[in-house]
Amino acid sequence: MAKVLIINPVVREEDVPRHIPYGEAMLAAIAIQQGHQVAVYDANAWRQPISKVADACKADDWDAICIGGLTTTYNCIKQCCKIIKATSPKSVLIAGGGFLTSMPQEIMEFIPEIDIGIVGEAFNSFPTVLKQIDEHDLDWTGTRGIIYRDGHFPILNDAVVLVNNLDNLPHPAWHLFPLEEVYLKNSSSLYSEDAYHAKRRIDINGSFGCSLVCRYCWHLGTTGDMRIEPNNGQNEVVFSFGRDIRYHSPDYIIDMVTVLKKKYKIDFANFLDENLMTMHTASGKKWLFEICEAWEKAGLVPVRGKSGTDQPGIYWSGTSHASLYTTDLLDAMYEAGCTHLVYGLESFDPKILKKLGKGTNRANNIRSVIETMQSGIIPVPNIIIGFPEETFDSIRNTISALVELGIHAKPHFATAYPGSEWYYNYKQSIIDQYDGSLETYIEDLGDATKITGTISHNFTGVELLGLQEIVATRNLRLLDQYEAAHAPRSALVLPQPSINFRASKH
Ligand code: B12
Ligand code: SF4
C-alpha cells in the first residue's frame, strides 16, 4: 500500500493554531481505511521554520506527499511545494482544498511542482488517486475530480460524483494531529463565557454547504455548486447556485461527540458547518431539534455554571441565520448546551441586504441579536463595509443599528475571496489594482481585517480604512463632514461577467 505524507500548511500566522484541519483529518482516515500508511506533518500546529518540511519529506520514501487548504494558505503551500519537490522528487505531489479548487489552472501554473490537484470534494477522488499511485497506474485521463499535467499543460477532468450518504464516512483521524501538545491547549475562545472556560475543545462538522447565495461566500466546489465545462478547447470550473445540501444524521453526530468525549475528554464542540440554520431549514425544520434531543439522550448536556473538565457534559456552538432561526429552536439549543452562535449580519442597510443573497433584512438582523440574547445564547455578529453598493447612507444605516443594539463592531472589509461571485465578477478590476498580477493579489489575502483588492464602486481603500474607524467609533459627525467634502465621481471598479460563474442553479 502507499506511504502517504499529509502536510498541513500554516493558516492565520498571527494567532495560535486553534483548528484541527477537518478535511485533511477525514482524508487521512479514509486513506487509512483503504490500507495506506499515513503520516501528518502539521506545520500549522508546530509553527517551526519552513525548513522542517524538508525533514518530514526526507523521513521516509513517500509515494505521495499531499498539501492543501483555504486560499490564504497559498504562500505557505507554494513554499512547501518547492521544498517537497526538491527533497522528495519521486513522490507524487498532490494538492487540494479551496486554494486550488477556486482556480485550478492558475494554481497549476503558479506552482509548477504540483503533479495532481484534487478539485472539489476529495472523499472519492483522493482514495482513487492513492490507489492508482499504489498500483503504478499513472494514466490520469479517466480519473474524475482531478487536474493533472500532460507534459507541462494542465488537464482538468470531469467533476467527481459527490458522496451520497455522509454517514458512510469515517470519523476524522484526530490521533495523527498534535492534540495534547497544541490544539487542546488552545481550546478557549472569547465568544462566550463557557467558550472562554473551555479546556478541551475539538471542532466537528455536521453538514456540507448552505442553500443561500451570499455574493462573497463560496462552498468549495463540494456542495453541488461546481461544474466542469468545456471552453475554447479546455475544461473550466464553473460555479453556480446549484446546491446538493447534505447533512449527517443526528446519530452520526452524537456518536462522533461521544467518541470525542470518551477518547479525548472534550468539554466543548464547535460546529464548523457553514450554516446550521440553513441545514435545519433544508431538513424541514427537524435537524437541530433532533440533534438537541439526541444530545440530551446521550447524556451530553452540560450543567450550566460548571465548566472545564469537571463538566460532565459538552457545550457547543455554531453559526445561525437572522431570518431562519425561531425562538423555540434557540431555547432548545440553549437547553442542550449551545453557548454562542455566529451571525453574519454583514450590514443593516436595506439596499445592501437586498442585493447580498443572504435572504435577510434590517429588522430581522436587529431582532436576531435581541432574541438570541434572550434565549441565553450569545450572538456573535459579523459586520462588513466596502460592499460594491456602499454609500454614505448605507454606512449611516449600519451605525444607527449598532447604536440601537448597543453593539460596538470593527467591521471587516468586503473581500472577493476566490470562488465567490464577487471574485469572478470583479477579477479584472482586482488584477488591475495589483499591476496585472493575480498571484500578487492571492499572496496578499489574509483576514478581511486588512484592505486588499477593493470592490466598492464608491470608496477607495484609503477611504474604507477611515470609514472602518468611523463605524468602530460610531462617529456620525465625522461621517457627515466627510460626505460634505466628498465630490461625486464615476465608479471606481466595474463588475464583468465571467465564464467561471453563473448566477443560476445549473
Ligand atoms: C475552519 C475554517 C477556518 C479556520 C482554518 C481551518 C484550517 N485549519 O485550515 C480559520 C478559523 C483559521 C479560518 C479562517 C478564515 N477562513 Co475559513 N473556514 C473554515 C470552515 C468553517 C471549515 C473548514 C472545514 O474544515 N470544512 C470541512 C472540510 C471537510 O472541508 P474542507 O476543509 O474544504 O476539505 C475538503 C476539500 O476542500 C478537500 N481538501 C481540503 N484540504 C485538502 C488537502 C488535500 C491534500 C486534499 C487532497 C484535499 C483537501 O477535501 C476535503 C473533503 O472533500 C470553512 C467553511 C466550511 N464549513 O467548510 C471556512 C472557509 C474555508 N474559510 C474561508 C475564509 C474566507 C476564511 C477567512 C478568509 C475569513 C476571514 N474573513 O477572515 C479566514 C482566513 C484567515 C487567514 N488569515 O488565513 C472560506 C474559504 C474561501 C477560499 N477561497 O478559500 C470558507 C470556505 C468559508 C466560506 N464559505 O466562504 N477558516
Ligand atoms: S448564509 Fe453564510 S454560509 Fe450561507 S451563503 Fe451566506 S455566508 Fe455563505
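Let's start with a helix pair. Helix H15, residues 392-405, and helix H19, residues 476-485, have axes that come within 11 Å and cross at roughly 175 degrees. That makes H15 roughly antiparallel to H19, since angles over 145 degrees count as roughly antiparallel, under 35 as roughly parallel, 65 to 115 as roughly perpendicular and the rest as oblique. Axes here are lines fitted to C-alpha atoms, for helices over the stretch in contact, and angles run from 0 to 180 degrees between N-to-C directions. Helices (H or I, at least four residues) and strands (E, at least two) are DSSP runs, numbered from the N terminus.

Who makes the contact? From H15, Phe392, Ile395, Arg396 and Ile399; from H19, Leu476, Leu479 and Glu483. Contact means C-beta atoms, placed from the backbone, within 7 Å. By class, that contact has 5 nonpolar, no polar and 2 charged residues. The classes: Ala, Val, Leu, Ile, Met, Phe, Trp, Tyr, Cys and Pro are nonpolar, Asp, Glu, Lys and Arg are charged, and the others, Gly among them, are polar.

A word on the model. It is predicted: local features need pLDDT of at least 70, side-chain atom pairs count only at pLDDT 80 or more, and totals for chains, interfaces and linings use all residues. Residues are numbered from 1 along each chain as its sequence is written, while chains are lettered from A and ligands numbered from 1 in the order in which they are written.

Now the sheets. 7 strands form an open sheet, in the order S2-S1-S3-S4-S5-S6-S7, with mixed pairing. Two strands pair if DSSP finds at least two bridges between them. The edges are S2 (37-42) and S7, each pairing on one side only. From one strand to the next, the twist averages 25 degrees. Helix H7 packs on this sheet, touching S1, S3, S4, S5 (116-118) and S6, and its direction makes about 155 degrees with that of S5.

Look inside that sheet. S1, residues 3-8, pairs with S3 in the parallel sense over 4 bridges. Ile7 has Ile67 as its bridge partner in S3. S6 (residues 146-150) and S7 go the antiparallel way, also over 4 bridges. There, Ile147 is partnered by Leu156 in S7. S6 and S7 form a hairpin with 2 residues between them, and Gly151 in the turn has a positive phi of about 70 degrees.

Next sheet. 6 strands make an open, parallel sheet, ordered S8-S13-S14-S15-S16-S17. Its edges are S8 (201-204) and S17 (412-413), each pairing on one side only. S13 (residues 268-271) and S14 (residues 315-320) run parallel, joined by 3 bridges. Phe268 stands opposite Tyr315 in S14. Helix H14, residues 362-375, packs on the sheet, touching S15 (338-346) and S16 (378-385), at about 155 degrees to the direction of S16.

On to the ligands. Ligand 1 has 43 residues around it, and Gly23, Gly68, Thr72, Gly96 and Gly98 come nearest. Near means a C-beta atom, placed from the backbone, within 6 Å of the molecule or strand. Which element gives the most to this shell? H1, with 5 residues. By class, the shell has 22 nonpolar, 15 polar and 6 charged residues.

Ligand 2 next. Around it are Cys210, Leu212, Val213, Cys214, Cys217, Glu274, Asn275, Thr278, His321, Gly344 and Lys358. That shell has 5 nonpolar, 4 polar and 2 charged residues.

His136 has a positive phi of about 55 degrees although it is not a glycine. His136 sits in the loop between H7 (125-134) and S6. His136 is exposed, with 7 other C-beta atoms within 10 Å. Arg474, in the loop between H18 (461-473) and H19, also has a positive phi, near 55 degrees. With 16 C-beta neighbours inside 10 Å, Arg474 counts as partly exposed. That's all from me.

Definitions and conventions. Two residues are in contact if their C-beta atoms, placed from the backbone, lie within 7 Å. A residue is buried if 20 or more other C-beta atoms lie within 10 Å of its own, exposed if 12 or fewer, and partly exposed in between; C-beta atoms are placed from the backbone.
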